[in-house]
Amino acid sequence: MNPTQGMLVPSERIAHSILLLRGQKVLLDADLAALYGVTTKALNQAVKRNESRFPEDFVFQLTKEEKTEVVTNCDHLRRLKFSPHLPRAFTEHGALMLANVLNSERAAQTSVKIVRVFIRLRRMLAANAELARKRGALEGKYDAQVKQVFDAIRRLMTPPTGPVR
């Protein structure tokens, strides 16, 4: 067994850490630091040393309002409440680039898991979209009584507003 394998984080923890901000699925610097086994400070220093590898579509800094929202809505981010720094949010590509910059075996293995979680989320969203399309086609075929059932299903399928955990 590889010694770093026991230190890897379960996929469920990664999925739980993914947030929806500015219409994108992202991981915050504090969560990525924990996943990659480094401090948030070390992670952000690595990003600063390699700024050219992190364009706007790979990473962005949260606003004060966004920080307040994620701290309020995500229990695991309570520790950020009193931090004077605004967190960085990394897209899937930013998280992968970060693994290359950190250049450790743990980062490489963890980045593979992170990419797989993002792929799983995309597949789930695609399946949900396909289900919605099929529901719409069926809905047109049935009367008002069945329409009530479809309305209830539609409400259940509506994604929540705010950050996704």
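In the predicted model, the contact between helices α2 and α3 is formed by Asp-29, Ala-30, Leu-32 and Ala-33 on the α2 side and by Thr-40, Leu-43 and Asn-44 on the α3 side. By residue class, this contact comprises 4 nonpolar, 2 polar and 1 charged residues. Helix α2 spans residues 29-36 and helix α3 spans residues 40-49. Two packed helices are described by the angle between their axes and the distance between the axes. For α2 and α3, the angle is about 105° and the axes are 8 Å apart. Angles of 65 to 115 degrees count as roughly perpendicular, and α2 and α3 are therefore assigned to that class.

Of the 8 residues of α2, 7 are buried, so the helix is largely enclosed by the rest of the structure. The buried set consists of Asp-29, Ala-30, Asp-31, Leu-32, Ala-33, Leu-35 and Tyr-36. Among them, Asp-29, Ala-30, Leu-32 and Ala-33 also take part in the contact with α3. Helix α2 is followed by Gly-37, which has a positive phi near 75°.

A single aromatic pair, 1 in the structure, is formed by Phe-54 and Phe-90. A pair of aromatic rings is described by the distance of the centres and the angle of the planes. In the pair of Phe-54 and Phe-90, the centres lie 6.1 Å from each other and the planes make an angle of 85°, an edge-to-face arrangement. Phe-54 is located in the loop between α3 and β3 (59-61), whereas Phe-90 belongs to strand β4 (residues 88-90). The two residues are 36 residues apart, and the pair links distant parts of the chain. Buried means under 20% relative accessible area. Phe-54 therefore counts as buried at 7% relative accessibility, and Phe-90 likewise counts as buried, at 0%.

At the level of the whole chain, the secondary structure comprises 7 helices and 4 strands. Their order from the N terminus is α-β-β-α-α-β-α-β-α-α-α. Of the 165 residues in the chain, 38% are buried. Among contacts with a separation of 6 or more, 74% are between residues 24 or more positions apart. The accessible surface of the chain amounts to about 10200 Å², with carbon and sulfur atoms contributing 56%.

Methods:
Residues are numbered from 1 along each chain as its sequence is written. This is a predicted model: local features need pLDDT of at least 70, side-chain atom pairs count only at pLDDT 80 or more; totals for chains, interfaces and linings use all residues. Side-chain values use heavy atoms; hydrogens and water are left out. Axes are lines fitted to C-alpha atoms, for helices over the stretch in contact, and angles run from 0 to 180 degrees between N-to-C directions. Angles under 35 degrees count as roughly parallel, over 145 as roughly antiparallel, 65 to 115 as roughly perpendicular and the rest as oblique. Contact means heavy atoms within 4.5 Å. Ala, Val, Leu, Ile, Met, Phe, Trp, Tyr, Cys and Pro count as nonpolar, Asp, Glu, Lys and Arg as charged, and the others, Gly among them, as polar. Buried means under 20% relative accessible area, exposed over 50%, partly exposed in between (1.4 Å probe, protein chains only). Accessible areas come from the Shrake-Rupley method with a 1.4 Å probe; for residues, only the protein chains shown count as cover. Rings of Phe, Tyr and Trp (its six-membered ring) pair if their centres lie within 6.5 Å; planes under 30 degrees apart count as stacked, over 60 as edge-to-face and the rest as tilted.
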